[in-house]
Amino acid sequence: MAASSRFASLGLLLLFAAHCCAVFLASAGAAHGRPGAAGSALSSTFYDASCPRAHDIVRHVIQDARVVDPRIPASLNRLHFHDCFVNGCDGSILLDDDLPVIQSEKHVPANKNSARGFPVVDNIKTALERACPGIVSCADILALAAEVSVELAGGPRWRVLLGRRDGTTTNIQSANNLPNFFDPLDVLQQKFRDVNLDDTDLVALQGAHTFGKVQCQFTRQNCTGGQARGALENLDRVTPKVFDNEYYANLLQGRAQLPSDQVMLSDPAAAATTAPIVHRFAGNQRDFFNNFAVSMVKMGNISPLTGSAGEIRKNCRRVNRRGY
Ligand code: HEM
Ligand SMILES: *[C@@H]1O[C@H](CO)[C@@H](O)[C@H](O)[C@H]1NC(C)=O
């Protein structure tokens, strides 16, 4: 796609995103019963005065990191998802164990030996603290990193909404309920609906499996090539490093890696719900990009802490002051 047409469509998208999300925020906050979260909206200009280079700084650290580890953009993108689905986008996934009070979400099955990129988040935080101490939350770092990562891999750009604050607790029960690769379609749909994400969001966001890696024991082939458990494969076996719509073409060929990918086409309930969306995105990358960006903004709006709720962590792995 020509850069100019991408930008033209982005303009429309941003108008649309600005509209959809003010409305969405109120309902997302309310649905999760977080006092204080519902009233105040996130904003793309939140750090314009207090930390104008925030996006650039995040971008530079990720650019450096991916030279050493090309998988980093995918890994960081996934962290925002695993953060937002648990307790809202509050940086809870970044907290290390501080027992008995803080039990880290990093140990639940969906994250253990799987969620990665934490040292890069630390490096981003260090760089931001140097430039603007005490200003940028860890939850916002994950939102910014998720966008930068997609952009660097050739995917869409969008204006990240900012102003989240960091939580001071984890939620193991909720982390144990993250979407699972064995979940049937109706369960995936329900888990997404629970955070106000619809079928289009589900199909668009799973498109993030256009980059990054998967351990063979999670794949439909299940290491039957004789690989050891933990052996890494590409999630998109055709264009593994590029953020494009090839993921949906793979699905149409029955070649998705995860059971939870393929169900969007193969489940009996798919024909009336997700399958037409898979076909749409397979046939039109711009349509996919526009929807992916909108859905990422929606996901980033799940129950943020704003105003004076929570805190701005100094170290993303620890709450600032332990009141215990
Ligand atoms: C719908 C439910 C989803 C399920 C069941 C699921 C499951 C998985 C699994 C099992 C892996 C491989 C982990 C490993 O082998 O260690 C993975 C990787 C990944 N997921 Fe998902 N995922 C889902 C949705 C999403 C969403 C919504 C996003 C982002 C918007 C996302 C982004 C990624 C990325 C980028 C990777 C590669 C990470 C890396 O290489 O480090 N996933 N996912
Ligand atoms: C892979 O095989 C193991 C052992 O038979 C089984 O427990 C596991 O559920 C399988 N995983 C997948 C993704 O099919």
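Buried means under 20% relative accessible area, exposed over 50%, and partly exposed in between, computed with a 1.4 Å probe on protein chains only. S92 is buried, at a relative accessible area of 0%.

The model is predicted: local features need pLDDT of at least 70, side-chain atom pairs count only at pLDDT 80 or more, and totals for chains, interfaces and linings use all residues. Residues are numbered from 1 along each chain as its sequence is written, chains are lettered from A and ligands numbered from 1 in the order in which they are written, and side-chain values use heavy atoms, without hydrogens and water.

**Around S92 and V86**

Helices (H or I, at least four residues) and strands (E, at least two) are DSSP runs numbered from the N terminus. S92 is in the loop between α3 and α4, and V86 lies in the loop between α3 (72-84) and α4 (118-131). V86 is buried, with 1% relative accessibility.

A UniProt record (unreviewed entry) lists D83, V86, G88, D90, S92 and E105 under "binding site". These residues span 23 positions in sequence, yet no two of their C-alpha atoms are more than 13.2 Å apart, so they gather at one spot. UniProt positions are given in the numbering used here, feature names are shortened, and annotations may be inferred rather than shown by experiment.

Contact means heavy atoms within 4.5 Å. Leaving aside neighbours within four places in sequence, S92 touches D83, V86, N87, E105, T169, T170 and R313.

P100 is in the loop between α3 and α4, and a cis peptide bond joins L99 to P100, with omega about 10°.

The iron atom of ligand 1 has a single protein donor, NE2 of H209, 2.1 Å away. Donors are N, O and S atoms within 2.8 Å of the metal (3.2 Å for Na, K and Ca); water is not among the atoms, so sites may look incomplete. H209 sits in the loop between α8 (199-206) and β1 (213-215).

T210 is in the loop between α8 and β1 and is buried, at 0% relative accessibility. The UniProt record (unreviewed entry) places T210, D236, T239 and D244 under "binding site". They span 35 residues in sequence, but no two of their C-alpha atoms are more than 9.7 Å apart, so they gather at one spot. Apart from neighbours within four places in sequence, T210 contacts D236, T239, P240, V242, F243, D244 and Y247. T239, in the loop between β2 (232-234) and α9 (246-252), is partly exposed at 22%.

**Positive phi values**

| Residue | Phi | Relative accessible area |
|---|---|---|
| N196 | N196: near 65° | N196: 27%, partly exposed |
| N222 | N222: near 55° | N222: 44%, partly exposed |

N196 is in the loop between α7 (185-193) and α8, and N222 in the loop between β1 and β2.
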